[in-house]
Amino acid sequence: MYYSIIDTLYSGELAPWELMPPPGKYKKSVQEFDAMSENFTQTLSQKQQEEFEAIMEKFSDLWGNKNKDMFYTGFCMGSRVMMEVMQFEER
């Protein structure tokens, strides 16, 4: 039986944001980053800590937007490939 991926996404049966890497895949890197950030911020003044937190927040926002753009670009490229494949099959 054929299932439309668009219908599946629309109906909420497929939630890409819930498809996360297996637990622990990045655990070590996250722990190392957290430890480095904690050690670094302890050496800063209160004002510098606030500035660092603002920088990290801005970086997080930018990284999220960049990931969204990469997903969008990849999705569109994949769609175009499928369109080309379907046109080829019709010949």
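This is a predicted model: local features need pLDDT of at least 70, side-chain atom pairs count only at pLDDT 80 or more; totals for chains, interfaces and linings use all residues.
Me: What makes Trp63 count as partly exposed?

Reply: The relative accessibility of Trp63 is 43%. Buried means under 20% relative accessible area, exposed means over 50%, and partly exposed covers what lies in between, with a 1.4 Å probe and protein chains only. Residues are numbered from 1 along each chain as its sequence is written, and side-chain values use heavy atoms, with hydrogens and water left out.

Me: Why is the aromatic pair of Phe59 and Trp63 called stacked?

Reply: The structure holds three aromatic pairs. In the pair of Phe59 and Trp63, the centres are 6.2 Å apart and the planes make an angle of 15°. Rings of Phe, Tyr and Trp (its six-membered ring) pair if their centres lie within 6.5 Å; planes under 30 degrees apart count as stacked, over 60 as edge-to-face and the rest as tilted. Phe59 and Trp63 lie four residues apart in helix H3, about one turn of the helix. Phe59 is partly exposed, because its relative accessible area is 49%.

Me: How many helices and strands does the chain have?

Reply: The chain has three helices and zero strands, following the pattern α-α-α along the sequence. Helices (H or I, at least four residues) and strands (E, at least two) are DSSP runs, numbered from the N terminus.

Me: How do you know whether the chain is spread out or compact?

Reply: The radius of gyration, taken over C-alpha atoms, is compared with the globule rule, 2.2 Å times the number of residues to the power 0.38. For 91 residues the rule gives 12 Å, whereas the chain has 21 Å, well over that value, so the chain is more spread out than a compact globule. The C-alpha atoms fill a box of roughly 70 × 25 × 25 Å along the principal axes. Of the 91 residues, 8% count as buried.

Me: What makes the contact of Lys28 with Glu32 a salt bridge?

Reply: A salt bridge is a side-chain nitrogen of Lys or Arg within 4 Å of a carboxyl oxygen of Asp or Glu. The closest N and O atoms of Lys28 and Glu32 are 4.0 Å apart, which places the pair in this class. Side chains of opposite charge can pair when their charged atoms come close. Lys28 and Glu32 are four residues apart in helix H2 (residues 27-42), so about one helical turn separates them. Lys28 is exposed at 59% relative accessibility, whereas Glu32 is partly exposed at 41%.

Me: Which residue meets Lys47 in a salt bridge?

Reply: Lys47 meets Glu51, at 2.8 Å from N to O. A search of the whole structure finds two salt bridges. Lys47 and Glu51 are four residues apart in helix H3, about one helical turn. Lys47 is exposed because its relative accessible area is 55%, and Glu51, at 40%, is partly exposed.

Me: Which residues form the nonpolar patch on the surface?

Reply: Ile5, Ile6, Leu9, Phe71, Tyr72 and Phe75 form the patch, with about 670 Å² of accessible area together. Patches are made of residues with over 30% relative accessible area and no salt bridge: like charges are joined within 9 Å, nonpolar side chains (Val, Leu, Ile, Met, Phe, Trp, Tyr) within 5 Å. Accessible areas come from the Shrake-Rupley method with a 1.4 Å probe; for residues, only the protein chains shown count as cover. Helix H1 (5-11) and helix H3 (46-90) each supply at least two residues of the patch. Ile5, found in helix H1, counts as exposed because its relative accessibility is 52%.
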